[in-house]
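Here are a few exercises to work through with the model open beside you. Try each one yourself before reading its solution.

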Amino acid sequence: MSIGVSSPQSIDATLDLLSRGGYIADRALATSLFLSIAMKRPLFLEGEAGVGKTEIAKVLAATLGRQLLRLQCYEGLDISAAVYEWNYPRQMMAIRLAEAAGEGRRHELARDIYGAEFLIKRPLLNALEGSAGMAPVLLIDELDRTDEPFEAFLLEVLSDFQITIPELGTIKAAAPPLVVVTSNRTREIHDALKRRCLYHWVDYPSAERERAIVKAKVPGVGESLGGQVVSFVQMLRGLELFKPPGIAETLDWAQALMVLNARELTVSNVDDTLGVVLKYQDDIARVRGDVAARGVATARSAA
Amino acid sequence: MAAVASALPFNVMHFARVLRRAGLPIGPGKVIVALEALKLVSIARRDDVYWTLHSVLVDRHSQSDMFRLAFDRFWQRQQDRPDDNPLSILDQGPDHGRGDQSKPIPRRLADAFSPLASPEVGEQKEESAAPSDAVASWSADERLRHQDFETMSSDEQAEAAKLMARLRLPIPDVATRRHRVSRSGRRIDMRATLRAMVRSGGAVTLARKAPRRRHPPLVVLCDISGSMATYSRMFLRFLHALTNDRDRVHVFLFGTRLSNVTRELAHRDPDLALARVGRAVEDWGGGTRIGHTIEAFNRRWSRRVLGQGAVVVLITDGLDRDGGEGLAAEMERLHKSCRRLIWLNPLLRYAAFEPKSAGVRVMLPHVDEFRPAHNLDSLTALVVALSNRLDAGTTRQFTIANAKLS
């Protein structure tokens, strides 16, 4: 534990830690995160796309000085891509060499070619083994993209922090990694998996927190433009759009307006850049024009 | 302070019991974890206790509101009478002695706080009781009618049950990205090949694998408005059988609003399941607002349940109170978000059926299959017809000429 920063001991310390990493969290998230670290339970983060779920794991790794291992989930993700795979070409080579050496080596062959040097480690196995005695941060990203069989496999990993490789035996983590699981809720994750985790729904931030986030992440944007962008985006989230903008969109938009040298939100620059905030044609069509004009007026009078 | 600390386990246990009655799945394991977690935070801060219990006891976003209401009430009562036996909170009616509740408390929560001895007893009681005014008053802004499922004759039930049991869903399986061992597979299974090589000492015999096949997720949108009343009861039986027959089924009912009844239908016992559905849905036998409800589905659910190649079955007569307003765009989006859209229409039983109503005309261009579904026979026919057309998924547009089959 000498290299890394020690784990936070209270909710306030967790909040501090996150803000040092440039992540402005609310107390609810800090509570879940603190408990997850203290109780060594995976943290299950659910929320709309672009609210900063993945970022939490990155900031955690950076501020605690731990290695970040990321497992991006997709449909059909299997053990050979997530946990380990045998190095088949090397194994074949070894078999050919054994053949050449004659009958005598055949008995040792089975043991030899399933040795550790023929093993290709993937993120989950790496996470259990750790590096230099430090348990890493393991980010299992967008778990909802994978399918149920993989979820079932994760149960063993997340509850006991161990993996069984038939040819080698069971590998158990000396120190359990800090696990962050994220989901965009494109399907419901099974209760059995959720039960092993602490749950937190990452919501859209309040206007005040979002202003702080914009200020921290896009420092060049002026106070007034930043405030107007946030106010406009918050208005959009109340419209029941098909895809309301997340924090990622707010930041992109602030960045885009800055590049365009905008100092204030105007009807014309909102019209030009609406595609940065809204990603569906229906939504854009609905907002462009009246709604946007009213939003700009409100944003400017408020900020 | 010692007294407070020793009361904590009791309070948490009883709080968990209240939540359980309100429908949150909380096992004893979670209570232990919650107590463990509370040791790590300062219980002097209300919000810390709140979020600590929240992160342990809640495991989906939809439970958050129920949790908040339950926590507020529980905490309030504990503060009012700190010396009371913590059990006392469970012995009072929903609004006993407190007048500051500006928002109506959801019925599930009020039930959870009420002194019924156990959920089982509550279930039976509500089943036998006629739909009361009290039930309707929980949402007075809409005219509510709870469907009476008891009136299905026993003959009807027996016949339905028999036939339902035989129905298997005809939707063809799709290839997944997982593999199984197969002699005729096109891919080489390196792992198995290597193992065989070791066993034989170097002789190469290629082991092969092929993609595993699996049924796609199924989403059912069923119309329960007045014009569909005679059919919706039958379909609910069908949907119940379906939900219990396979996984990855989501069932939504709609009239003037959309309700997800997947959890309610999942109960093994059909009568209990349908009684639960009856209580969960508030717009039985009213009008239909198809465009409005499909819009709600697209916005709130499509991205959550239409992943991984889902097939959508839409059961409605297409008679829209809004005259098809806003329907075309929403149907198009629905059609484009799923692998296949099948429309079952009970009106199609008339040979002279012609798509005259605005709703039907607007919807037809956006469905892949259009089928009659007015009795069990037609459902069986549907099963047969679809089973014979495994490749039908390639035609993404339905023509009106085909509609007059039946």
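**Exercise 1.** How many Å separate the centres of domain 2 of chain A and domain 3 of chain A?

*Solution.* Start with the background: this is a predicted model, in which local features need pLDDT of at least 70, side-chain atom pairs count only at pLDDT 80 or more, and totals for chains, interfaces and linings use all residues. Residues are numbered from 1 along each chain as its sequence is written, while chains are lettered from A and ligands numbered from 1 in the order in which they are written. Next, find the domains, whose bounds come from an automatic or database domain assignment: chain A has domain 1 (11-74 + 134-159 + 173-201), domain 2 (84-117) and domain 3 (207-296). Finally, take the centres over C-alpha atoms: those of domain 2 and domain 3 of chain A are 60 Å apart.

**Exercise 2.** Work out how H1(A) is oriented against H2(A).

*Solution.* Helices (H or I, at least four residues) and strands (E, at least two) are DSSP runs, numbered from the N terminus. Axes are lines fitted to C-alpha atoms, for helices over the stretch in contact, and angles run from 0 to 180 degrees between N-to-C directions. The axes of H1 (residues 11-20) and H2 of chain A lie 9 Å apart, at an angle of about 105 degrees. The two helices are therefore roughly perpendicular, a label for angles of 65 to 115 degrees. Now list the contact (C-beta atoms, placed from the backbone, within 7 Å): H1(A) brings A:Ile11, A:Thr14, A:Leu15 and A:Leu18, and H2(A) brings A:Arg27, A:Ala30, A:Thr31, A:Leu33 and A:Phe34.

**Exercise 3.** Which element gives the largest share of the side of chain A that touches chain B?

*Solution.* First count both sides: 35 residues from chain A and 31 residues from chain B take part. Then look at the elements of chain A that give two or more residues, among them helix H2 (27-39), helix H5 (88-101) and strand E9 (198-201). H2(A) gives the largest share, 7 residues.

**Exercise 4.** Describe the open sheet of chain B and the helix packed on it.

*Solution.* Follow the order of its 6 strands, E6-E5-E4-E7-E8-E9, with mixed pairing; two strands pair if DSSP finds at least two bridges between them. The edges are E6 (258-260) and E9 (369-372) of chain B. Strand E5 (residues 249-254) of chain B runs antiparallel to E6(B) over 3 bridges, and B:Leu253 stands opposite B:Ser259 in E6(B). Lastly, helix H13 (residues 290-300) of chain B touches E4, E5 and E6 of chain B, its direction making about 45 degrees with that of E6(B).

How values were computed: Two residues are in contact if their C-beta atoms, placed from the backbone, lie within 7 Å. Angles under 35 degrees count as roughly parallel, over 145 as roughly antiparallel, 65 to 115 as roughly perpendicular and the rest as oblique.
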